[in-house]
Amino acid sequence: MRWLPVGAEVVPEGGVHFRVWAPRRQRVTVLVEDAFRRRREFVGLEPEPDGYFSGTVEDAGAGTRYRYLLDD
């Protein structure tokens, strides 16, 4: 269960759930960056009804840097 309709939320089971509203886009990807471990991960979000995209990145946590990529 999310507290807010969009954004990044740490989930109790582990990881971060991302959700964004982008009704005019075909694809939304979240780029997760960890400068300490020199890691970059691209995770495609799944489309939902009404223009939302969402997904969970299990190895992300509080303070993780991220950005959305819209249609690449």
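This note walks through the fold, the core and the aromatic residues of a predicted model.

1. **Ground rules.** Residues are numbered from 1 along each chain as its sequence is written, and side-chain values use heavy atoms, with hydrogens and water left out. In this predicted model, local features need pLDDT of at least 70 and side-chain atom pairs count only at pLDDT 80 or more, while totals for chains, interfaces and linings use all residues.

2. **Overall fold.** The protein has seven strands and zero helices. Both are DSSP runs, numbered from the N terminus: a helix (H or I) needs at least four residues, a strand (E) at least two. Along the sequence the pattern reads β-β-β-β-β-β-β.

3. **Size.** The C-alpha trace spans about 35 × 30 × 15 Å along its principal axes.

4. **Burial and contacts.** Of the 72 residues, 35% count as buried. Buried means under 20% relative accessible area, exposed means over 50%, and partly exposed lies in between (1.4 Å probe, protein chains only). Take the contacts between residues at least 6 apart in sequence: 58% of them join residues at least 24 apart. A contact means heavy atoms within 4.5 Å.

5. Strand E1 (residues 7-10) runs antiparallel to E2, and four bridges join them. Two strands pair if DSSP finds at least two bridges between them. Ala-8 stands opposite Phe-18 in E2. Five residues separate the strands of this hairpin, where Gly-14 takes a positive phi near 115°.

6. **Nonpolar core.** The largest nonpolar core has twelve residues, among them Val-16, Phe-18, Ala-22, Val-28, Phe-53 and Ala-60. E2, E3 and E6 each supply at least two residues of this core. Such a core is a set of buried Ala, Val, Leu, Ile, Met, Phe, Trp, Tyr and Cys residues joined through side-chain atoms within 4.5 Å. Leaving aside neighbours within four places in sequence, Ala-22 contacts Val-28, Gly-51, Phe-53 and Leu-70.

7. The structure holds three aromatic pairs. Rings of Phe, Tyr and Trp (its six-membered ring) pair if their centres lie within 6.5 Å; planes under 30 degrees apart count as stacked, over 60 as edge-to-face and the rest as tilted. Phe-18 and Tyr-68 pair edge-to-face, at 6.4 Å centre to centre and 90° between the planes. Phe-18 is in strand E2 (residues 16-21) and Tyr-68 in strand E7 (residues 65-70), so their pair ties together parts 50 residues apart in sequence. Tyr-66 and Tyr-68 have ring centres 5.6 Å apart and planes at 75°, so they are edge-to-face. Phe-18, Tyr-66 and Tyr-68 form one aromatic cluster. Phe-18 is buried at 2% relative accessible area. Tyr-68 is partly exposed at 26%, and Tyr-66 is partly exposed at 36%.

8. **Charge over a ring.** Arg-19 lies over the face of Tyr-52, 3.8 Å from the ring centre. The test asks for NZ of Lys or CZ of Arg within 6 Å of the ring centre and within 35 degrees of the ring normal.

9. **Two residues to check.** Asp-50 is not a glycine, yet has a positive phi of about 70°. Asp-50 sits in the loop between strand E5 (46-47) and strand E6 (52-57), and is exposed at 67% relative accessibility. Thr-29, in strand E3 (residues 28-34), is buried at 12%. Beyond four places in sequence, Thr-29 touches residues including Phe-42, Val-43, Tyr-68 and Asp-72.
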